[in-house]
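Subject: Structure for you to look at

Hello,

Here is the structure I promised to pass on. Please open it first, then read my notes below.

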Amino acid sequence: MRDAHFDTAFWQDRLTRQGARIDKFAGHYTSEPLGSKRKRNAGQTLVDLLFDRALAEYSAGLPIETANESLHQATVEVFPDLVALFPPGHAFGVSRPGYATIHRHIAALVLARADAAQAGSVFAALDALDLDAEGYGGHCAIWAAYRAHFGVPDPHTPSGVHWPEAYDHLWSAISPDTPAAARAEHLGGFIDTWYGAMKGELAAQTERLGGPAAQSQFVGYWCLEAAAASVAFGIDDAPCRAHPHYPTDWADWARRA
């Protein structure tokens, strides 16, 4: 196991429950009439469940390829398809994701070894969600850096770093203005503060829902964003490799692409 918070029986139970729920909602998503509210709800839940399963599979010690398949399904396959079916303005349009969710989907592109076309479809889905809308804050400089990494055209003018308390260190690690010698230190600073910043987000879901209780939904403690930055921008991850939230072997796997 990569995550020793719980024992093998817990992970077996989590994965069995997640698999059953994924099958259920995948069935709804593929069988409900196009444009129906129930189809949208099933799709949104399916994206979350597939992402959660990827993290649980990684935590349980399963091969990276297994966790990667779930991550790829969530971000590269279902998410852009769902937005295309239910864009803003649709009677049942999907809601804009939060900043943490967007960062995690972008990190997933790197760790799942998405190609330029697949990354382009995800960024197109994010564009369709109108992140320039009043009150949302526009396009984060970090997202722009990843678009450039994948070679995806960017029609937007970045508006700085959203949620700087959580992501300033990440931006400093990948910013072209940061000296190469300082990037690793900033990456270490990001992962050191990441979990605390995410306490209100899904990263703390297991604790908030009571650990191994039957109805708890494991989400994970893994800072995919730090691993993705190391892989995409060639940053030495030495300050992160022993950190309990750093998915070291997932980063190594993605780096070998």
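One definition before the findings: an axis here is a line fitted to C-alpha atoms, for helices over the stretch in contact, and angles run from 0 to 180 degrees between N-to-C directions. Keep in mind that this is a predicted model.

Start with helix α3 (residues 64-85) and helix α5 (residues 116-128). Their axes come within 9 Å and cross at roughly 45°. That angle makes α3 oblique to α5. The crossing of α3 past α5 is left-handed. From α3, the residues in contact are His72, Thr75, Val76, Phe79, Pro80 and Val83. They meet Gln118, Ser121, Val122, Ala125, Leu126 and Ala128 of α5. By class, this contact of α3 with α5 has eight nonpolar, four polar and no charged residues.

Next, α3 and helix α11 (residues 248-255). These two pack at about 80°, with axes 11 Å apart. An angle from 65 to 115 degrees counts as roughly perpendicular, and α3 and α11 are therefore roughly perpendicular to each other. On the α3 side are Ile64, Glu65, Ala67, Asn68 and Leu71; on the α11 side are Asp249, Trp250 and Trp253. The contact of α3 with α11 has five nonpolar, one polar and two charged residues.

Now the core. The largest nonpolar core has 78 residues. Leu71, Phe123, Tyr146, Tyr167, Leu224 and Trp250 have the most contacts inside it. Beyond its neighbours within four places in sequence, Phe123 touches Ile106, Leu109, Trp143, Tyr146, Arg147, Phe150 and Val152. Another core, of five residues, lies apart from the largest one; Phe6, Trp11, Ala56 and Ala60 are among them.

Best wishes

Notes: Residues numbered from 1 in each chain as written. Predicted model: local features only at pLDDT ≥ 70, side-chain atom pairs only at ≥ 80, totals over all residues. Heavy atoms only, no water. Helix = DSSP H or I, 4+ residues; strand = E, 2+ residues; numbered from the N terminus. Parallel < 35°, antiparallel > 145°, perpendicular 65-115°, else oblique. Left-handed = near helix turned anticlockwise from the far one by under 90°. Contact = heavy atoms within 4.5 Å. Nonpolar A, V, L, I, M, F, W, Y, C, P; charged D, E, K, R; others polar. Core = buried A, V, L, I, M, F, W, Y, C linked by side-chain atoms within 4.5 Å. Buried < 20%, exposed > 50% of the residue type's maximum accessible area, 1.4 Å probe, protein only.
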